[in-house]
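Dear colleague,

Please find the structure below for your files. My notes on its strands and cores follow.

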Amino acid sequence: MKGLRVYFDLRGADPQGEDLIFYSHLAGGPYYRWRYEELHGEWRCSRMHAGDLVVTELVSAPWKEIPAGLKTTLDLHYVE
């Protein structure tokens with residue numbers, strides 16, 4: 001996906017690397033917050049309001065560190 005950026009916020013990360021929250025942004029579009037819900041067994045997103053997100057506190061997530069399930073969900077979410 002051209003122009004897609006995925007981030008995470010290290011301040012809110014579990015020390016064991018679990019329960020990471022990811023954020024995504026496609027050029028010029030809104031930011032989305034992604035969290036894995038164990039109960040439903042899927043990644044769920046919520047659209048972020050500009051005032052609720054401090055972009056400078058996000059760290060770019062290398063594609064290899066993004067869970068496979070989230071990659072699939074992102075592909076479905078950002079259908080071109």
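Two strands are said to pair if DSSP finds at least two bridges between them; strands (E, at least two residues) and helices (H or I, at least four) are DSSP runs, numbered from the N terminus. This is a predicted model, in which local features need pLDDT of at least 70 and side-chain atom pairs count only at pLDDT 80 or more, while totals for chains, interfaces and linings use all residues. Residues are numbered from 1 along each chain as its sequence is written, and side-chain values use heavy atoms, with hydrogens and water left out.

Strand 3 pairs in the antiparallel sense with strand 2 (residues 22–26) over four bridges, and His-25 has Tyr-31 of strand 3 as its bridge partner. Four residues separate the strands of this hairpin, where Gly-28 takes a positive phi near 80 degrees. Strand 3 is also antiparallel to strand 4 (residues 42–47), over six bridges, with Glu-37 opposite Glu-42. Here too a hairpin has four residues between its strands, and Gly-41 in the turn has a positive phi of about 65 degrees.

As to the interior, a nonpolar core is a set of buried Ala, Val, Leu, Ile, Met, Phe, Trp, Tyr and Cys residues joined through side-chain atoms within 4.5 Å; buried means under 20% relative accessible area (1.4 Å probe, protein chains only). The largest such core has 12 residues, including Phe-22, Trp-34, Trp-43 and Leu-70. Strand 1 (4–8), strand 3 (31–37) and helix 1 (68–77) each give two or more residues to this core, and the largest share, three residues, comes from strand 1. Another core, of seven residues, lies apart from it and includes Tyr-7 and Met-48.

Kind regards

Note on methods
Buried means under 20% relative accessible area, exposed over 50%, partly exposed in between (1.4 Å probe, protein chains only).
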